[in-house]
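I opened my notebook and looked up a few things in this structure. Here is what I wrote down as I went along.

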Amino acid sequence: MSIATRIHTPPDISDARLETPRPSRHRGSRPAPAPTEGTLKVEDLAVTFRSKRKAVEAVRGISFTVEAGKTLVLLGESGSGKSVSARAVMRLYSDAVTITGRATLGGVDLFDLDERAMQSLRGRDIALVPQDASGSLDPLRRVGSQIAEVLRRHEVEHGRKAARQRAADLLAQVGIPDPARAVRSYPHELSGGMRQRALIAIAIACEPKVLVADEPTTALDVTIQAQVLELFAQLQQDLGMGLLLVTHDVGVGRQMADRVAVMYAGRLVEEGPGATVLGESAHPYTAGLLRAVPTPETPRGQLQAIPGQPPAAGEAVDTGCSFAPRCVFAVDACRTERPDLVPVGTSHWAACPVVHGRVPVEVGSPPTKAEAS
Amino acid sequence: MTTPILLAEHLSKRFDNGVLAVDDVSLTVHPGETVGIVGESGCGKSTTGKLILRLLETDSGYVAFEGKNIGTMSGQRLQEVRKQLQLVPQNPQTSLNPRLTITEAIAFNLRAHRWPKRDIGPRTASLLDRVGVPSAYAHRYPHELSGGQLQRVAIARALSTDPKLIVCDEAVSALDKSVQAQVLNLLVELQRDLGIAYLFISHDLGVVEHLSDRVVVMYLGRIVEESAAGELWQRPAHPYTEALFSSVPGPGRQRLVLTGDLPSPAHPPSGCGFRTRCPMAIGACAEARPEAVAIAGDISHQAACIRIGEGVTAATRIGAA
C-alpha cells in the first residue's frame, strides 16, 4: 500500500468523517491555493469504476457551471450518475476510480491539487451535505464535537471552548431548537430532520463558497423537507454560497433551481434556466419525466409514463442516444449518432436533434467541449 | 349505498415499547374503490394496513371483511378471507424470496391457497402477461429484474388469488418516477378490468390524490381528516392537511412551513396530537381530543379540529399575524 492510498478517502465516506484522522499537521507547509471567488466550473467530467471483470462508466463527459451564489440542480433518476458527479468533483473517490476532465473552483483546479491541499479546501471552500444523515455522523461522538472538529481543523476557531460555542451558534443558525443541548447530544438522540440540520451545520461551518448537497432531503418527510429547503435558501442568501443540489425530485428542482442540468445514463441531456427546463423542456426525457409525475389535473390512470426503465449505471447503450430505446420520437439516426448539446434558447441547451430542429435563439458559448464537432 | 367490502372500526394498537401506533382509527372501503391513507413516517399508516390484513392483532375495535369480523376467524375461514385480501408491499427486493424464480414466487402463493395444481402453471403465465412482465423473464430470479419489473411481479402475486381488496403499502415509493407512472397506470387498469378495491398507503401526496377516490390523512396514529380526493388540495380543512399539502415542493406556492418535529408517539401530547406544531393551537386544544366534524355540512368531508367552525385556516391566520 502506498502512502497515497492511505491518505485517500475510501469511496462513500462522508465529509464529516473524512476529516477525523488528521489534526492540522499541514500548518507549516506551503499554504493551499485559495479560490478567489465562488464559481464552480466542471468540464468534461468522466468517472469510470473498474473491477477485474468490467469497467462501469458512471459519468461520460459532462460540463456544468455553478455560478457564485446561485443554485444548479443536477436532476436525474437512479443510476444516472448525478451523485457520482458531485462526489467526483469533491474528490471523494480513491485512485482506483478513473476521473478525467476538469473542475475548477474560483480558478483553482481541484483535480490538480495534491491530496493535502485538497483536504484543506474541502470543508473550507467546498463542502458536502450527504443524503444519509444517520450514516454520515459518527454515532460515538457528540454532535458538537463533530462540528468543532471542522472548525479547528480549518483553523477557524483554535480553542476548544470557542469552537464549541461556535458549534452551538451554527446549530442555532440551522434552526435547531435548544442548540446548547444539541451540542451535547449524540446523533441517535436527534430526529432525522435534526440530524440533517446538524450535517448542514457541519457543511456551512467554514462558510464555504460552494455547498454540494446530495439528495439532502430525500430521506425526510415532506413537512421537514419544506423546512430544510427553506433553510438552504436562507443560508444561501445570508452566506452567498453557490449550491450544487443533486436530486431526483422534479418538485425540489423547480423550487430551488436557478439552473437545471438533467442527467440520463451518465450524460447531460438538457441544461438551462430552471423555469425553462422544467417548464418548456426541450428534451423528450425531461418532458417525459415531468409528465410522469401526477398533478391534480391528471386524469386517473392516464399518467404518461416513459416506456422501459432507466439503465443501471454504466449499462446504457452507447451508440447513439442513450435515451433512444425509450424515446417516442426516436428515428434511425438516434441509434447511431450521439447527439451533442446544442443551444435551443437563451442559455438553454439540449441534446436532441429530432425534437428541436428549430433555429437557436441565441448562440452562446456551448457548455461542452464536444460541441465543436 | 353498497355494502362496504371493508369496515374497520375503532382500531387501536399499542406496541410493547409503549408506542401508540394506531389510535381509534375507523375507515370504510367500498367494492372497486380506492381509499388512500397518507401521512408522514410514524403516523401509523402502515400499522393500520397490517391491522386490516390481520398481520397484527388489534388491541381494540374490529375489522369486518364483507360484513364478517376477521378478528375472530381462524383456520379455513381466515384462509378464505386472505385469498380475497392481498398485499403489495413496499420493497419487492425484500418481499420476494431471492431463491425462488418469479414464477415460483407466484405459484407459491397459489399453492398456499390450495389452488388446483394443474391450473397453477397456466395461471402464473397469464398473470405475468397481465402485469406486463415479458415471458422471457418467467424463470429469472428477483435479482435479475429491475425494481419496476419486480413490483409488477409483486402485483401479479397479489392478484393470483382473485382478491377483492389489495392493500398497497408504499407500493410505488421505491420506484423512479418514469417507472412509477407505468405501475400506477397498471394498478388503475387492473382496477377497471377486475373491479378490485385498493387501500393505498403512501407518503406521496401527489400519488395518493391521483389514485384515490377518498383520502384519509393520518397524524400521530389518528385520522385528522378524511374527504373525497381533490378536495384536500383545494379545501384542506385541518391545519395539518393544509401544512402537509403546502409542503409539497414546487415554485411560488404559499407555503405553510411547520416548526418542530413529530412528537414521540410513545408520549403523544394531550388533547389534539397536532397542537404542538399547529399555528392555530389555543389552550382548549390541550384539553380534549377533537372529534371529527363535517365540513360545510358535507359528511363525506370530515376533520378533527376544534377550530374548524371558526372559518379560519392556518394560512389566513398566518397572513394576518
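**Where the chains meet**

I started with the contact between the two chains: 34 residues of chain B are in contact with 33 residues of chain A. I counted two residues as in contact if their C-beta atoms, placed from the backbone, lie within 7 Å. This is a predicted model, and local features need pLDDT of at least 70, side-chain atom pairs count only at pLDDT 80 or more, and totals for chains, interfaces and linings use all residues. Residues are numbered from 1 along each chain as its sequence is written, while chains are lettered from A and ligands numbered from 1 in the order in which they are written.

Which elements of chain B give two or more residues to the side that touches chain A? I found α7 (177-194), α8 and α10 (239-246) of chain B. Helices (H or I, at least four residues) and strands (E, at least two) are DSSP runs, numbered from the N terminus. The largest share of that side, ten residues, comes from α7(B). Sorted by class, the side of chain B that touches chain A has 14 nonpolar, 13 polar and seven charged residues. For the classes, Ala, Val, Leu, Ile, Met, Phe, Trp, Tyr, Cys and Pro count as nonpolar, Asp, Glu, Lys and Arg as charged, and the others, Gly among them, as polar.

**Two domains in chain B**

Next I looked inside chain B, which is divided into domain 1 (6-216) and domain 2 (227-320). These bounds come from an automatic or database domain assignment. The C-alpha centres of the two domains of chain B lie 29 Å apart. I noted that 15 residues of domain 1 of chain B are in contact with 13 residues of domain 2 of chain B. On the domain 1 side, the elements giving two or more residues are β2 (20-29), α8 (205-211) and β9 (214-219) of chain B. α8(B) gives the most, with three residues. That side of domain 1 of chain B divides into five nonpolar, six polar and four charged residues.

**A closer look at β9(B)**

Is β9(B) buried or exposed? Six of the six residues of β9(B) are buried, so the strand is largely enclosed by the rest of the structure. A residue is buried if 20 or more other C-beta atoms lie within 10 Å of its own, exposed if 12 or fewer, and partly exposed in between, with C-beta atoms placed from the backbone. In a regular strand the side chains alternate between the two faces of the sheet. In β9(B), I see B:Arg214, B:Val216 and B:Met218 on one side, and B:Val215, B:Val217 and B:Tyr219 on the other.

Then I checked the partners of β9(B). Strand β3 (residues 34-38) of chain B and β9(B) pair in the parallel sense over four bridges, and B:Val35 has B:Arg214 as its bridge partner. Two strands pair if DSSP finds at least two bridges between them. β9(B) and β10(B) form a hairpin with two residues between them, and B:Leu220 in the turn has a positive phi of about 50 degrees.

**Over to chain A**

Chain A has 13 helices and twelve strands, and buried residues make up 51% of its 373 residues. I traced an open sheet of eight strands in the order β6-β7-β8-β3-β9-β10-β12-β11 (chain A), with mixed pairing. Its edge strands are β6 (126-129) and β11 (342-345) of chain A, each pairing on one side only. Within chain A, β10 (residues 267-273) and β12 (residues 348-350) pair in the antiparallel sense over two bridges, and A:Glu271 stands opposite A:Trp349 in β12(A).

Helix α6 (residues 143-153) of chain A is mostly covered, with ten of its eleven residues buried. After α6(A) comes A:Glu155, with a positive phi near 60 degrees.

I finished with two more residues. A:Asp44, in strand β1 (residues 40-50) of chain A, has a positive phi of about 55 degrees although it is not a glycine. A:Asp44 is partly exposed, with 16 other C-beta atoms within 10 Å. A:Glu207, also not a glycine, has a positive phi of about 50 degrees and sits in the loop between α9 and β7 of chain A.
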